[in-house]
Amino acid sequence: MYEKKIERAILILHERLLPDGGFVELPKAMYRVDATAWAIIALATAGGSDRNAIAAARTRLAASQMKDGRVSLSKEYPPACWPTALAVLAWQGSMVERNAHALAISFLLNTVGRMSKKTPDSPVADDPSIKGWPWIENTSSWVEPTALALLALRTAGHEGHPRAREAVRMLMNRQLPHGGWNYGNTVVYGQELYQQPGSTGIALAALAGQVDRAEVRKSLDYLRNQAERYRSPFSLCWALLALSAWGEKPDQGRAWIIESLDLQGRRGVYGTSLLCLLIASFFVDGDISKSLESCGAQK
Amino acid sequence: MKEREGALNFMNRREFLSAVITGCMGLAAGGAAMLGSGCTVERRTADAFIGKAGGYYADIPSIIGAGLRELGVARQEIEGKRILLKPNLIESRQGAAHITTHPLMIQGAIEAFRKYGAAEIIVAEGPGHCRDTLLVLEETGLIDVLRSERITFTDLNQDSWYTVRNAGGRTKLKQLILPETLKRVDWIVSMPKLKTHHWAGITLSMKNLFGVMPGIFYGWPKNVFHWEGIEKSIFDINVTVGAHFTIVDGIVGMEGDGPIMGKPKQAGVIVMGTNLVAADATCARIMGINPQKVAYLAAAAGRLGPIKESNIFQRGEKIESVRTNFELLQNIKAHRGLRSI
């Protein structure tokens, strides 16, 4: 029964496919690079049987790449370069797009969020001198883009690169004292901020295998205790992907994913990125990085 | 449908007349860019309305209706129009309703605008901290209101987009990228929460428009604007977006270390206005804060609207009858020196 509903979700995903191979984020909207990258990731983790669609989407994504390797949300606004990490994941293992893949990795390795020296009187407890990745070029590093870049570098076999090691350090610096992550601040003016499930899930998924379990125990406890509560795709899926990466995927995980899909009747249709997260989370067992590596190897 | 190209909607009909009377025709003809040519804009006036509401089960639609009448908003201005309500949904936390605009306040606005004959009402927001907008809708309870009222919600962080010239010109940004939904509406209503803010001093109608700017182009948080300067960014966004109206949820606000970690503060007010600067200045006074000491209001004063008490016609309740000092923290730089005497 679950399989039929996931098959239906994949059919809906195909309805978001444009003639040129790209995907839209919402029906009747324009081409989006992030939606296209997520569609590739979802179709690849779902078994990769739809090779033509994956190949066409990868080619469309490559057409969006700029000369320096970045894949920005819009060519008219290059600073919005955060989709580059998604593109690296989407091109993983593609022989046809290996040059695009290598160029995107090079861009990631040469891009860094704005840094500053930590001062004793700063109201913010985090260390802003640690290198990570920003959402938007020339702004500060934040948790999600740093975690996605780390995940992309790990998947591409660069987990030993100094930038990947520093990304681990940056994420650990932004872990909240009571566990979990939010967008990227921990303690401001002496008050510990609240954690968010989505940010926590992304950070933990990226850190799998990079730090000892004891170092993230509180964060895993938080997600494990909270995951059952979420049916919004972003929080639910990143919670499941994280727990899966740490070998703790809940038995009911697939049922929760189906419940979330079913809720579209009341909530309205999900954007392509969220739909793809649901599909990928349904199929990924273990570390999503390993799943994508093996999907790529089949090509 | 109105095309919104770098809109400047800070002057309503009454303010226009006021400007004409005081001889500031350059203001009416050219907007903010033409100010300063001998025209002292602090002579401009605006109205602000204060309504009392003891709690969220008060008759909010009637209070908002009274505010619209007192502020001189004619039925023809709303009838047949598409109204966008923009609440503050920065992030959510179960049991911390004082972070975000209350769903019953939004429901009250929906009802009030429907009574005025609005053709369509859209609720839209691009949360500044939380990437999971659906989670925010669920945790705040807004999703239930949207469903019961059959209202469409648009995630402005993920919307299609268009680019306009930065009509404010205070930051280095030549253009701003706006969500496509803005093109499809006639009226933008800012619906903030009455809160202190540890970077901006306070966060009200004008700062709330940060949430209009798409996260896919400005990040989570919208860090591009932090690097450009919060006060300058508030100015540029407000001039360029040009909201038409504000309804401030001050029934329960936040004091101390806002906009997230502060304490709930019962203020029991709904503040409204067609001029966001004047409405925010009024809110500040209710909070026991001198608006002239708030950097973003001082920067907007004389350009986008009045902040002097003598230039704001107070409708509804008097400020003195509802003033309740919001706690300011001395360790927070942006709070120092804000208190009114």
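Analyst: Start with the area. Chain A and chain B bury about 3500 Å² between them, and carbon and sulfur atoms give 60% of that. On the side of chain A, three tyrosines lose the most area to chain B: Y183(A), Y189(A) and Y194(A). Together they account for 21% of what that side buries. Keep in mind that this is a predicted model.

Now the residue count. Chain A brings 38 residues into contact with 36 residues of chain B.

Next, the polar side of the interface. The rule finds 16 residue pairs in polar contact across chain A and chain B, both partners at pLDDT 80 or more. Three elements of chain A each supply at least two residues to the side that touches chain B: β2 (191-192), α10 (233-245) and α12 (264-267). Of the elements, α10(A) gives the most to that side, with three residues. By type, the residues of chain A that touch chain B divide into 21 nonpolar, nine polar and eight charged.

Salt bridges come next. The count between chain A and chain B is three. In one salt bridge, R267(A) pairs with E138(B), and the closest N and O atoms are 2.0 Å apart.

Now step inside chain A. Helix α6 of chain A covers residues 143-155. Its 13 residues should span 18 Å at 1.5 Å a residue, and the end C-alpha atoms are 18 Å apart, so the two values agree. This helix, α6(A), is mostly covered, with 13 of its 13 residues buried. After α6(A) comes G157(A), with a positive phi near 85°.

Take T154(B) first. T154(B) sits in strand β4 of chain B, residues 152-155. Its relative accessibility is 14%, so T154(B) counts as buried; the cut-off is under 20%. Neighbours within four places in sequence aside, T154(B) contacts I122(B), V123(B), A124(B), E125(B), D159(B) and T181(B).

Then G108(B). G108(B) belongs to helix α5 of chain B, residues 103-115. At 4% relative accessibility, G108(B) also counts as buried. Not counting residues up to four places away in sequence, G108(B) touches I60(B), P61(B) and I64(B). G108(B) and R315(B) are 207 residues apart in sequence, and their C-alpha atoms are 20 Å apart in space.

Key:
Residues are numbered from 1 along each chain as its sequence is written. Chains are lettered from A and ligands numbered from 1 in the order in which they are written. This is a predicted model: local features need pLDDT of at least 70, side-chain atom pairs count only at pLDDT 80 or more; totals for chains, interfaces and linings use all residues. Side-chain values use heavy atoms; hydrogens and water are left out. Contact means heavy atoms within 4.5 Å. Buried area is the accessible area (1.4 Å probe) that two parts lose on being put together, summed over both. A salt bridge is a side-chain nitrogen of Lys or Arg within 4 Å of a carboxyl oxygen of Asp or Glu. A polar contact is a pair of N or O atoms within 3.5 Å; within protein, one must be able to donate a hydrogen and the other to accept it, and residues adjacent in sequence count only if both atoms are side-chain atoms. Helices (H or I, at least four residues) and strands (E, at least two) are DSSP runs, numbered from the N terminus. Ala, Val, Leu, Ile, Met, Phe, Trp, Tyr, Cys and Pro count as nonpolar, Asp, Glu, Lys and Arg as charged, and the others, Gly among them, as polar. Buried means under 20% relative accessible area, exposed over 50%, partly exposed in between (1.4 Å probe, protein chains only). The expected span of a helix is 1.5 Å times one less than its number of residues.
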